[in-house]
Amino acid sequence: MEAGNRTGVLEFILLGFSEDPELQSLIFGLFLSMYLVTVLGNLLIILAIIFDSHLHTPMYFFLSNLSLVDICFSTSIVPKMLLSIHTENKAISYMDCLTQVYFSMFFPILDTLLLTAMAYDRFVAICHPLHYTVIMNPHLCGWLVFITWFIGVLTSLLHICLMRHLTFCRDLEIPHFFCELTHILELACSDTFLNWTLIYFMTGVLGVFPLVGILFSYSRIASSIRKMSSSGGKQKAFSTCGSHLSVVSLFYGTGVGVHFTSAVTHSPQKISVASVMYSVVTPMLNPFIYSLRNKDVKGALRRLLNRATSCL
């Protein structure tokens, strides 16, 4: 590797969680289990929505996209880490690292915007039920998902384009289990002012604004629920929002936890553990939240499994 020359950077070293050989086997088994549960759980949600006509509604259309994003997010991180543990090779090429940086930004952006679209869907369903089918028509839902993916692609590409001009002239060891943007910037010896400015700006735009939109939607939803005279109507409204609100709380709670941990501690292990909650545990738990708290999804999963067993 040539110090100070970006084109000479052949690879980075991902230090991971621990150097202890005994812990490596435990970590491998734990992350493999979580990854398989994530893929299987989210895949079942997607198949249930596809094959059950009762779930062909805007809310579950957004949920199927969210499940797909969760599968892709975990796939962009966990398999590489498992391969590194299995082969005992912690090196990752420069281009593979850039690719991982791209997807580690891309999929969380999609998560944020899809959760915001789902909050708007619940707002329209509860606050304007008579106009729901008119407002949340297939054309609008398709455009919302397209805009979500477009913003994710554009923002992530902008970060990568700025990264391509960085030079690295010191130790290229990353104290993390995947290539994360801020850790890469800390290794650069060239000026990273524009990179950090873009990070802070996009965090405000794509982090704070969607959260404000979600909170506004739920403030209106809570106001509408209070005005309902029927206890059955209130219970139904709470049940349709409970799963989404739980996923939002988990997503933003773990996200804030990662940034808070990075700000108050310099321990790579603690930062990595916080990142696991955000990037691995959250995608794994989302299917359980929707399947356990939502009667429609539970019924669809039951019918899907019955259909699968009948075909055997």
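**Exercise 1.** How close do the axes of helix α4 and helix α8 come, and at what angle do they cross?

*Solution.* The model is predicted, so local features require pLDDT of at least 70 and side-chain atom pairs pLDDT 80 or more, while totals for chains, interfaces and linings use all residues. Numbering runs from 1 along each chain as its sequence is written, and side-chain values use heavy atoms, without hydrogens and water.

Step 1. Take α4 as residues 94-127 and α8 as residues 193-227; helices are DSSP runs of H or I with at least four residues, numbered from the N terminus. Their axes come within 9 Å and cross at roughly 20 degrees. Axes are lines fitted to C-alpha atoms over the stretch in contact, with angles from 0 to 180 degrees between N-to-C directions.

Step 2. The angle makes α4 roughly parallel to α8 (under 35 degrees; over 145 is roughly antiparallel, 65 to 115 roughly perpendicular, the rest oblique). The crossing of α4 and α8 is left-handed, that is, the near helix is turned anticlockwise from the far one by less than a right angle.

Step 3. Residues making the contact (heavy atoms within 4.5 Å) include Ile109, Tyr120 and Arg122 of α4 and Pro210, Tyr218 and Arg220 of α8. By class, the contact of α4 with α8 has 14 nonpolar, four polar and two charged residues. Here Ala, Val, Leu, Ile, Met, Phe, Trp, Tyr, Cys and Pro count as nonpolar, Asp, Glu, Lys and Arg as charged, and the others, Gly among them, as polar.

**Exercise 2.** Describe the crossing of α1 with α10.

*Solution.* Step 1. The axes of α1 (residues 21-51) and α10 (residues 268-293) come within 8 Å and cross at roughly 40 degrees. That makes α1 oblique to α10.

Step 2. The crossing of α1 and α10 is left-handed. Among the residues in contact are Phe31, Gly41 and Asn42 of α1, together with Val276, Pro283 and Phe288 of α10.

Step 3. The contact of α1 with α10 has 11 nonpolar, three polar and no charged residues.

**Exercise 3.** Classify the aromatic pair of Phe103 and Phe106.

*Solution.* Step 1. The whole structure holds 20 aromatic pairs (ring centres of Phe, Tyr and Trp, its six-membered ring, within 6.5 Å; planes under 30 degrees apart are stacked, over 60 edge-to-face, the rest tilted).

Step 2. The rings of Phe103 and Phe106 have centres 6.4 Å apart and planes at 65 degrees, so the pair is edge-to-face.

Step 3. Phe103 and Phe106 are three residues apart in helix α4 and are therefore separated by about one helical turn.

Note on methods. Helices (H or I, at least four residues) and strands (E, at least two) are DSSP runs, numbered from the N terminus.
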